Amino acid sequence: MADIFGRALLDYQHGNYSEDIKTYSSLDEDDVIPLPYLFRNFSEMPKLEQKALKLARGKVLDIGCGAGNHSLYLQDKGFDVTGLDSSSGAISVCRERGVKSLVNSSILSYDKERFDTLLLLMNGIGLAGSLTNLDYFLQHLASLLRPNGQIVMDSSDIIYMFEQDEDGGYWIPDTGTYYGEVTFTMEYKNEKGEPFDWLYVDFHTLQNACEANNLNCELVHSGEHFDYLAKLTKRQY
């Protein structure tokens, strides 16, 4: 499978920046991912991300680490942090930028160590792919936690992308699936990657999923545009 994301990150890292990543989605929304944004420092991060990083404690796994921004910030603060990404190009970039501990793997294939904090930023919960996979995804994450460990994640309620009526309700197409399930395709320098499923989950739905999987779910911060930061912990009996 073509590593579109990794190829773009490597180009930027090596000074070959000439265009951004184009994205196409099942929501009929075409967009771009600006490569400079994927190399942002702490002061350039949204408040929600800054708040998430300040919640980190102990041994940290940065899931979907990308270019390594979050890992580098925590590493500089003295944390024992491991960056994990399925993109080999992203892992190469992280290594070149100085991230010391890296794993090139999908999160669902990884079970080597246990951590005090799992970070899933930039809608990392999207890696679950679909609502039907969310239970298994949460169970796997919980299995990677040390006693009293935490999962720090953000997501968005994308209900705002649908048409709203005069009464404040939303017109959501009856597709038989959850409205936060989106299929994306990325394109970079005229090369398209394989389509992949991505999940945006509203906080209430996340709460229900956590309840079903013996996890506490705390709303830590609400962003300005339907986004939020949550902290998940195992229930203590």
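1. Not counting residues up to four places away in sequence, S71 touches D62, C65, V81, G83 and V99, where contact means heavy atoms within 4.5 Å. S71 is found in helix α3; helices (H or I, at least four residues) and strands (E, at least two) are DSSP runs, numbered from the N terminus. At 0% relative accessibility, S71 counts as buried. The cut-offs are under 20% relative accessible area for buried and over 50% for exposed, with partly exposed in between (1.4 Å probe, protein chains only).

2. The model is predicted: local features need pLDDT of at least 70, side-chain atom pairs count only at pLDDT 80 or more, and totals for chains, interfaces and linings use all residues. Residues are numbered from 1 along each chain as its sequence is written, and side-chain values use heavy atoms, with hydrogens and water left out.

3. Overall form. The chain contains six helices and 14 strands. Its radius of gyration is 18 Å, close to the 18 Å that the globule rule gives for 237 residues, so the chain is as compact as a globular protein of that length. The radius is taken over C-alpha atoms, and the rule is 2.2 Å times the number of residues to the power 0.38. Along the principal axes, the C-alpha atoms fill a box of roughly 50 × 50 × 35 Å.

4. Burial, contacts and surface. Of the 237 residues, 48% count as buried. Among contacts between residues at least 6 apart in sequence, 60% join residues at least 24 apart. The chain exposes about 12000 Å², of which carbon and sulfur atoms supply 46%; accessible areas come from the Shrake-Rupley method with a 1.4 Å probe, and for residues only the protein chains shown count as cover.

5. Charge. There are 20 positive and 36 negative side chains, and the centres of the two sets lie 13 Å apart. Lys and Arg count as positive and Asp and Glu as negative, while His and the chain ends are not counted. Each charge is placed at NZ of Lys, CZ of Arg, CG of Asp or CD of Glu.

6. Helix α1 (residues 4-13). Its buried residues are I4, G6, A8, L9 and D11. Their cover includes β1 (21-25), α4 (88-97), β10 (181-188) and β11 (191-192). G15 follows α1 and has a positive phi, near 80°.

7. Helix α2 (residues 47-55). Here L48, E49, Q50, A52 and L53 are buried. The elements that cover them include α3 (69-76), β6 (115-120), β7 (145-156), β13 (215-222) and β14 (227-234).

8. R40. This residue lies in the loop between β2 (30-33) and α2, and at 3% relative accessibility R40 counts as buried. Leaving aside neighbours within four places in sequence, R40 is in contact with M45, P46, E49, N69, H70 and M122. E49 is also one of the buried residues of α2. R40 and E19 are 21 residues apart in sequence and 17 Å apart in space, C-alpha to C-alpha.

9. Cysteines. With a disulfide taken as a pair of cysteine sulfur atoms within 2.5 Å, the count comes to zero. The sulfur of C94 has its closest cysteine sulfur in C65, at 3.9 Å, too far for a bond; C94 is buried, with a relative accessible area of 0%. For C217, the closest cysteine sulfur is in C210, at 4.1 Å, again too far for a bond; C217 is buried, with a relative accessible area of 17%.
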